[in-house]
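Please look over the model shown here before reading the notes on its parts.

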Amino acid sequence: MLGLLLRVLPFWVREPLLIVLGAVLGARITYLAVHDQDRVAAVIGAVFLVFTAIRVRVVVRALRARRNPVPAAPADGAPTDAVARAWAQAQLAAPAPAPAGAGLPPGPVTAGKEPNPWGQAVAAVAVFAAIAAALWLGPDVLPSDDDTSTARAASCSDTEDEELPAVYGKTPRPVTGAELCEALNRPDLARLLGTPTETATSASGTSNTAALTDGKVAQPEAEVRFATYTVNLSATYNELSTAQYVNLLKIAGTEGEKDLRTLTVLGRPALLSSDPTMKIEISLGGEGSSGPVQQGPLARTLSVALDSKDRGGSYDITVWSESGALPDDGVLLGIAEKILPTIPLRSVR
């Protein structure tokens, strides 16, 4: 169908169309290739750009030929001026045009008006520039598969009626597990994880308190599960700053085991670390038996201070998979930059 349209379209519509589509697709593919470091995509983008350059050259040559027409040389090698004189005599000998109407003198001979190539080119570029803009901005503006309701099949509604511990009555009130779940369970979370075709299988949030604090430190958390990754988001409202936590790990000599990396996220001190998850087997009366606590797959955690002054407490985003594979640290940073600004401000002290 596309090939038929390109054959039917006039030259001054077809060529600008090919130039616009080739330039946009070539630039877009090249940009994605550089961003994702994909050599194959880079070659494809270069092919589109070279094709566009060839079409531009064809249009430029056509415009030059239109502005400076060159009469064709006669086949028998006769001089050009002789051909011109013969053409003029033929024009003088041509019959007069038919009368324009009864009793009216014949009107002047006018040649048929040719289509304006510039008008056609501008119209084609205007129409297809809109299509090209839609193709370019599609992932950011147009709805995609992971922006639909099917990409957010799991719901956090089960956590809304949870009874809150007394510590959540403080001012400012800590964020609840339900609020963290709503912030984490984004329609684009699968895309942020690098698995855009997956759908969340479960989403939950709990308003807990930190262990060994006698219920005096709020520690809500939320968790969203996919087929590949599981993402956990928690908030801890204690007096331990990120800098103090890093010093404790250095004193304990575990910074090498945890693969620590300090950085700044959204203007706040942050820390990347690795820890194994815990695996617990519990028998519910069947033939199997409960087993001891074992180490599960490795998890990667990004801890971000609650505020830029690092006065204590943090948000923790943890990602792991049953296979033990972990995404790049850039994935955690991208999730934090999208999620943390959506958490209610009252949770920041």
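The report below takes up a helix, a pocket and a nonpolar core in turn.

## Helix 3

The model is a predicted one, and the description begins with helix 3, which runs over residues 39-67 and holds 29 residues. From its first C-alpha to its last, helix 3 reaches 42 Å, close to the 42 Å expected at 1.5 Å a residue.

The buried residues of helix 3 are Ala41, Gly45, Thr52, Arg55, Val59 and Leu63. In general, an α-helix has 3.6 residues a turn, so residues three or four places apart point the same way.

## The largest pocket

The volume of the largest pocket comes to about 840 Å³, and 28 residues line this pocket, with Gln219, Ser234, Thr236, Thr301 and Asp316 lying nearest its centre. By residue kind, the lining divides into 16 polar, eight nonpolar and four charged residues.

At least two lining residues are supplied by each of strand 1 (202-209), strand 2 (218-225), strand 3 (230-236), helix 8 (242-252), strand 5 (268-279), strand 6 (294-305) and strand 7 (314-320). Strand 5 gives the largest share of the lining, namely five residues.

## The largest nonpolar core

The largest nonpolar core has 42 residues, and those that touch the most other members are Leu184, Leu193, Val265, Leu302, Ile335 and Ile343. Helix 9 (residues 329-339) contributes the largest share of this core, six residues.

Leu193 may be followed in detail: leaving aside residues up to four places away in sequence, Leu193 touches Phe226, Tyr229, Val231, Val319, Val331 and Ile335. As a general matter, nonpolar side chains in soluble globular proteins tend to be buried together.

Definitions and conventions: Residues numbered from 1 in each chain as written. Predicted model: local features only at pLDDT ≥ 70, side-chain atom pairs only at ≥ 80, totals over all residues. Heavy atoms only, no water. Helix = DSSP H or I, 4+ residues; strand = E, 2+ residues; numbered from the N terminus. Expected span 1.5 Å × (residues − 1). Buried < 20%, exposed > 50% of the residue type's maximum accessible area, 1.4 Å probe, protein only. 1 Å grid on protein atoms, 1.4 Å probe; cavity = no way out; pocket = protein on both sides within 12 Å on 5 of 7 lines; lining within 4 Å. Points joined across faces, edges and corners; volume = space filled by probe spheres on them. Nonpolar A, V, L, I, M, F, W, Y, C, P; charged D, E, K, R; others polar. Core = buried A, V, L, I, M, F, W, Y, C linked by side-chain atoms within 4.5 Å. Contact = heavy atoms within 4.5 Å.
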